[in-house]
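Q: Please take a close look at the surroundings of the ligand. Which residues form them, and how do the annotated positions sit there?

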Amino acid sequence: MKFSANLGFLWTDRPLPDAIRAAHAAGFVAVEFHWPYDTPAEDVRAALDETGLTALGVNTIRGEGNGLSALPGHEAEAQAAIQQAIAYARAIGSGAVHVMAGFAEGLQADATFVENLRFACDHAPEMTILIEPLNHHDAPGYFLTTSAQARDVIERVDRAGVKLMFDCYHLQIMGGDLTRQLRDCLPVIGHIQFASVPERGAPDAGELSYDHVFAEIARLGWEMPLGAEYKPDSDTDATLGWMARYR
Ligand SMILES: O=C(O)[C@H](O)C(=O)CO
Ligand SMILES: [Mg+2]
(Lines give C-alpha, C1' and ligand atoms only; values in the text may rest on other atoms or scores of the structure.)
(Ligands and ions follow the chains in the order given, each with its own letter.)
Protein backbone atom coordinates (compact mmCIF):
# COMPACT_ATOMS: atom_id res chain seq x y z
CA MET A 1 0.00 0.00 0.00
CA LYS A 2 1.06 3.59 -0.53
CA PHE A 3 0.56 6.22 2.12
CA SER A 4 0.02 9.96 2.35
CA ALA A 5 1.12 11.81 5.50
CA ASN A 6 -1.52 14.18 6.83
CA LEU A 7 0.58 17.13 7.95
CA GLY A 8 -2.31 18.59 9.91
CA PHE A 9 -1.45 15.93 12.51
CA LEU A 10 1.99 14.49 11.65
CA TRP A 11 5.24 16.43 12.25
CA THR A 12 3.36 19.48 13.51
CA ASP A 13 6.49 20.39 15.53
CA ARG A 14 8.21 21.86 12.45
CA PRO A 15 7.56 24.20 9.53
CA LEU A 16 5.57 22.61 6.70
CA PRO A 17 8.50 22.36 4.25
CA ASP A 18 10.46 20.40 6.88
CA ALA A 19 7.41 18.25 7.61
CA ILE A 20 7.25 17.42 3.89
CA ARG A 21 10.93 16.41 3.98
CA ALA A 22 10.31 14.26 7.07
CA ALA A 23 7.37 12.51 5.35
CA HIS A 24 9.58 11.78 2.36
CA ALA A 25 12.38 10.41 4.56
CA ALA A 26 9.85 8.15 6.34
CA GLY A 27 8.66 6.58 3.08
CA PHE A 28 5.38 8.39 2.39
CA VAL A 29 4.69 9.00 -1.31
CA ALA A 30 2.27 11.88 -0.75
CA VAL A 31 1.24 14.51 1.77
CA GLU A 32 -2.03 16.23 2.53
CA PHE A 33 -2.80 19.34 4.53
CA HIS A 34 -5.48 20.76 6.78
CA TRP A 35 -5.03 24.53 6.74
CA PRO A 36 -1.57 25.33 5.30
CA TYR A 37 -2.38 28.95 4.52
CA ASP A 38 0.18 30.53 6.87
CA THR A 39 2.96 28.98 4.80
CA PRO A 40 3.54 30.59 1.40
CA ALA A 41 2.45 28.18 -1.35
CA GLU A 42 5.81 28.61 -3.11
CA ASP A 43 7.66 27.25 -0.04
CA VAL A 44 5.40 24.20 0.03
CA ARG A 45 5.77 23.76 -3.72
CA ALA A 46 9.56 23.95 -3.46
CA ALA A 47 9.65 21.21 -0.80
CA LEU A 48 7.30 19.06 -2.89
CA ASP A 49 9.48 19.52 -5.98
CA GLU A 50 12.62 18.76 -3.98
CA THR A 51 11.22 15.51 -2.52
CA GLY A 52 9.03 14.42 -5.44
CA LEU A 53 6.04 13.94 -3.12
CA THR A 54 2.51 14.46 -4.42
CA ALA A 55 0.17 16.89 -2.63
CA LEU A 56 -3.26 15.32 -2.20
CA GLY A 57 -5.35 18.13 -0.80
CA VAL A 58 -6.09 21.13 1.40
CA ASN A 59 -9.17 22.07 3.44
CA THR A 60 -11.24 25.21 3.15
CA ILE A 61 -10.81 27.42 6.23
CA ARG A 62 -12.85 26.74 9.34
CA GLY A 63 -14.23 30.25 9.77
CA GLU A 64 -16.12 30.56 13.06
CA GLY A 65 -16.79 26.82 13.19
CA ASN A 66 -15.73 23.76 11.18
CA GLY A 67 -16.24 25.34 7.78
CA LEU A 68 -18.78 27.60 6.14
CA SER A 69 -20.31 25.87 3.15
CA ALA A 70 -23.56 24.66 4.72
CA LEU A 71 -24.26 27.90 6.56
CA PRO A 72 -27.24 29.73 5.03
CA GLY A 73 -26.49 33.43 4.65
CA HIS A 74 -22.72 32.90 4.49
CA GLU A 75 -22.49 32.06 0.78
CA ALA A 76 -20.10 34.90 -0.08
CA GLU A 77 -17.69 33.92 2.72
CA ALA A 78 -17.97 30.23 1.83
CA GLN A 79 -17.27 30.85 -1.83
CA ALA A 80 -14.31 33.09 -0.99
CA ALA A 81 -12.96 30.24 1.18
CA ILE A 82 -13.46 27.80 -1.69
CA GLN A 83 -11.63 30.12 -4.09
CA GLN A 84 -8.79 30.54 -1.59
CA ALA A 85 -8.42 26.77 -1.19
CA ILE A 86 -8.53 26.16 -4.93
CA ALA A 87 -5.92 28.86 -5.58
CA TYR A 88 -3.63 27.38 -2.93
CA ALA A 89 -4.17 23.84 -4.21
CA ARG A 90 -3.36 24.91 -7.75
CA ALA A 91 -0.24 26.75 -6.59
CA ILE A 92 1.15 23.64 -4.87
CA GLY A 93 0.04 21.28 -7.63
CA SER A 94 -2.65 19.54 -5.59
CA GLY A 95 -5.68 18.09 -7.33
CA ALA A 96 -8.19 18.17 -4.48
CA VAL A 97 -9.89 20.51 -2.04
CA HIS A 98 -11.93 19.42 0.97
CA VAL A 99 -14.91 21.76 1.27
CA MET A 100 -15.84 21.92 4.94
CA ALA A 101 -19.56 22.21 5.69
CA GLY A 102 -19.63 23.72 9.17
CA PHE A 103 -22.05 23.38 12.09
CA ALA A 104 -25.57 23.46 10.69
CA GLU A 105 -28.65 21.33 10.14
CA GLY A 106 -31.88 21.25 8.18
CA LEU A 107 -33.12 21.74 4.65
CA GLN A 108 -31.73 25.23 4.17
CA ALA A 109 -28.27 24.10 5.22
CA ASP A 110 -28.52 21.17 2.86
CA ALA A 111 -29.53 23.38 -0.09
CA THR A 112 -26.74 25.84 0.74
CA PHE A 113 -24.14 23.06 0.87
CA VAL A 114 -25.29 21.66 -2.49
CA GLU A 115 -25.12 25.12 -4.11
CA ASN A 116 -21.67 25.90 -2.70
CA LEU A 117 -20.38 22.53 -3.87
CA ARG A 118 -21.72 23.22 -7.37
CA PHE A 119 -19.90 26.56 -7.21
CA ALA A 120 -16.65 24.78 -6.27
CA CYS A 121 -17.00 22.19 -9.05
CA ASP A 122 -17.83 24.81 -11.67
CA HIS A 123 -15.06 27.12 -10.50
CA ALA A 124 -12.44 24.34 -10.76
CA PRO A 125 -13.64 21.55 -13.04
CA GLU A 126 -10.18 19.96 -13.00
CA MET A 127 -10.19 19.60 -9.20
CA THR A 128 -11.65 16.85 -7.01
CA ILE A 129 -14.02 18.50 -4.53
CA LEU A 130 -14.14 16.37 -1.39
CA ILE A 131 -16.80 16.25 1.29
CA GLU A 132 -16.19 14.37 4.53
CA PRO A 133 -18.60 13.05 7.15
CA LEU A 134 -17.20 13.75 10.64
CA ASN A 135 -18.16 11.83 13.76
CA HIS A 136 -20.47 13.35 16.36
CA HIS A 137 -18.05 12.99 19.29
CA ASP A 138 -15.23 15.04 17.74
CA ALA A 139 -17.42 17.48 15.81
CA PRO A 140 -20.85 17.65 17.47
CA GLY A 141 -23.30 19.55 15.27
CA TYR A 142 -21.24 19.18 12.08
CA PHE A 143 -23.56 19.12 9.08
CA LEU A 144 -22.24 15.97 7.39
CA THR A 145 -22.11 12.86 9.55
CA THR A 146 -22.66 9.69 7.49
CA SER A 147 -21.61 8.22 4.17
CA ALA A 148 -25.29 7.81 3.21
CA GLN A 149 -25.86 11.55 3.67
CA ALA A 150 -22.69 12.31 1.70
CA ARG A 151 -23.78 10.06 -1.17
CA ASP A 152 -27.14 11.79 -1.26
CA VAL A 153 -25.47 15.23 -1.39
CA ILE A 154 -23.06 14.04 -4.10
CA GLU A 155 -25.95 12.77 -6.20
CA ARG A 156 -27.79 16.09 -5.95
CA VAL A 157 -24.71 18.22 -6.63
CA ASP A 158 -24.62 16.33 -9.91
CA ARG A 159 -21.06 17.20 -10.91
CA ALA A 160 -18.34 14.70 -11.80
CA GLY A 161 -15.77 16.40 -9.56
CA VAL A 162 -17.52 16.02 -6.19
CA LYS A 163 -16.37 12.98 -4.21
CA LEU A 164 -16.43 11.45 -0.75
CA MET A 165 -13.49 11.68 1.63
CA PHE A 166 -13.88 8.25 3.25
CA ASP A 167 -12.27 8.61 6.65
CA CYS A 168 -12.32 5.13 8.20
CA TYR A 169 -11.93 6.65 11.67
CA HIS A 170 -15.06 8.83 11.48
CA LEU A 171 -17.17 6.25 9.63
CA GLN A 172 -16.30 3.45 12.05
CA ILE A 173 -17.58 5.66 14.88
CA MET A 174 -20.69 6.63 12.89
CA GLY A 175 -22.06 3.13 12.50
CA GLY A 176 -19.14 0.93 11.43
CA ASP A 177 -19.94 -1.92 9.01
CA LEU A 178 -16.92 -0.48 7.26
CA THR A 179 -16.38 -3.24 4.72
CA ARG A 180 -19.88 -2.76 3.30
CA GLN A 181 -19.56 1.03 3.47
CA LEU A 182 -16.34 0.82 1.44
CA ARG A 183 -17.92 -1.43 -1.17
CA ASP A 184 -21.07 0.68 -1.46
CA CYS A 185 -19.24 4.01 -1.57
CA LEU A 186 -16.40 2.98 -3.88
CA PRO A 187 -17.77 4.71 -7.02
CA VAL A 188 -17.91 8.07 -5.23
CA ILE A 189 -14.76 7.85 -3.08
CA GLY A 190 -12.11 10.48 -3.85
CA HIS A 191 -9.74 9.86 -0.97
CA ILE A 192 -9.41 7.44 1.98
CA GLN A 193 -8.03 8.32 5.41
CA PHE A 194 -7.42 6.22 8.51
CA ALA A 195 -6.58 6.23 12.21
CA SER A 196 -7.17 3.88 15.11
CA VAL A 197 -10.57 3.95 16.83
CA PRO A 198 -11.35 5.36 19.33
CA GLU A 199 -8.01 7.00 20.17
CA ARG A 200 -7.28 8.39 16.69
CA GLY A 201 -3.74 7.08 16.93
CA ALA A 202 -1.54 4.97 14.64
CA PRO A 203 -3.49 2.20 12.86
CA ASP A 204 -1.94 -0.77 14.63
CA ALA A 205 -4.16 -0.45 17.73
CA GLY A 206 -7.81 -0.05 18.64
CA GLU A 207 -11.10 -1.69 17.75
CA LEU A 208 -10.66 -1.63 13.97
CA SER A 209 -8.47 -4.19 12.18
CA TYR A 210 -6.55 -2.33 9.52
CA ASP A 211 -5.11 -5.69 8.40
CA HIS A 212 -8.64 -6.38 7.21
CA VAL A 213 -9.56 -2.85 6.07
CA PHE A 214 -6.41 -2.31 4.00
CA ALA A 215 -6.73 -5.79 2.44
CA GLU A 216 -10.32 -4.96 1.45
CA ILE A 217 -9.26 -1.60 0.01
CA ALA A 218 -6.60 -3.37 -2.08
CA ARG A 219 -9.11 -6.04 -3.14
CA LEU A 220 -11.43 -3.29 -4.36
CA GLY A 221 -8.64 -2.10 -6.66
CA TRP A 222 -8.00 1.22 -4.88
CA GLU A 223 -4.50 2.38 -5.79
CA MET A 224 -4.22 5.94 -4.50
CA PRO A 225 -2.19 6.63 -1.35
CA LEU A 226 -4.17 6.26 1.88
CA GLY A 227 -4.12 9.25 4.21
CA ALA A 228 -2.49 8.69 7.60
CA GLU A 229 -4.55 11.19 9.56
CA TYR A 230 -3.80 10.25 13.15
CA LYS A 231 -2.57 12.04 16.24
CA PRO A 232 0.85 10.67 17.24
CA ASP A 233 1.11 9.92 20.97
CA SER A 234 4.82 10.83 20.83
CA ASP A 235 7.35 12.04 18.30
CA THR A 236 5.85 11.23 14.85
CA ASP A 237 8.87 9.19 13.71
CA ALA A 238 8.51 6.95 16.76
CA THR A 239 4.91 6.05 15.77
CA LEU A 240 5.61 4.77 12.25
CA GLY A 241 6.16 1.07 13.00
CA TRP A 242 2.86 0.23 11.23
CA MET A 243 4.25 1.37 7.87
CA ALA A 244 6.63 -1.55 7.44
CA ARG A 245 3.75 -3.94 8.15
CA TYR A 246 1.41 -2.54 5.51
CA ARG A 247 3.69 -1.39 2.70
O1 LIG B 1 -10.77 15.71 10.90
C2 LIG B 1 -10.77 15.17 9.79
O3 LIG B 1 -10.90 13.96 9.65
C4 LIG B 1 -10.60 15.92 8.53
O5 LIG B 1 -10.07 15.11 7.50
C6 LIG B 1 -10.26 17.28 8.41
O7 LIG B 1 -9.86 17.63 7.33
C8 LIG B 1 -10.36 18.29 9.50
O9 LIG B 1 -11.53 18.24 10.19
MG1 LIG C 1 -10.38 12.99 7.87
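A: First, the classes: Ala, Val, Leu, Ile, Met, Phe, Trp, Tyr, Cys and Pro count as nonpolar, Asp, Glu, Lys and Arg as charged, and the others, Gly among them, as polar. This is a predicted model: local features need pLDDT of at least 70, side-chain atom pairs count only at pLDDT 80 or more, and totals for chains, interfaces and linings use all residues. Residues are numbered from 1 along each chain as its sequence is written, while chains are lettered from A and ligands numbered from 1 in the order in which they are written.

The shell around ligand 1 has one nonpolar, five polar and three charged residues. They are His34, Asn59, His98, Glu132, Leu134, Asp167, His170, Gln193 and Glu229. A residue counts as near the ligand if its C-beta atom, placed from the backbone, lies within 6 Å of it.

An unreviewed UniProt entry lists Glu132 and Glu229 under "active site". They are spread over 98 residues of sequence, yet cluster in space, with a largest C-alpha distance of 13.1 Å. UniProt positions follow the numbering used here, feature names are shortened, and annotations may be inferred rather than shown by experiment.

Take Glu132. It is buried because 24 other C-beta atoms lie within 10 Å; the cut-offs are 20 or more for buried, 12 or fewer for exposed, and partly exposed in between, with C-beta atoms placed from the backbone. Leaving aside neighbours within four places in sequence, Glu132 contacts His98, Leu144, Met165 and Asp167. Contact means C-beta atoms, placed from the backbone, within 7 Å.

Now Glu229. It is buried too, with 24 other C-beta atoms within 10 Å. With the neighbours within four places again left aside, Glu229 contacts Asn6, Phe9, Asp167, Gln193, Phe194 and Ala195.

Technical notes
Contact = placed C-beta atoms within 7 Å.
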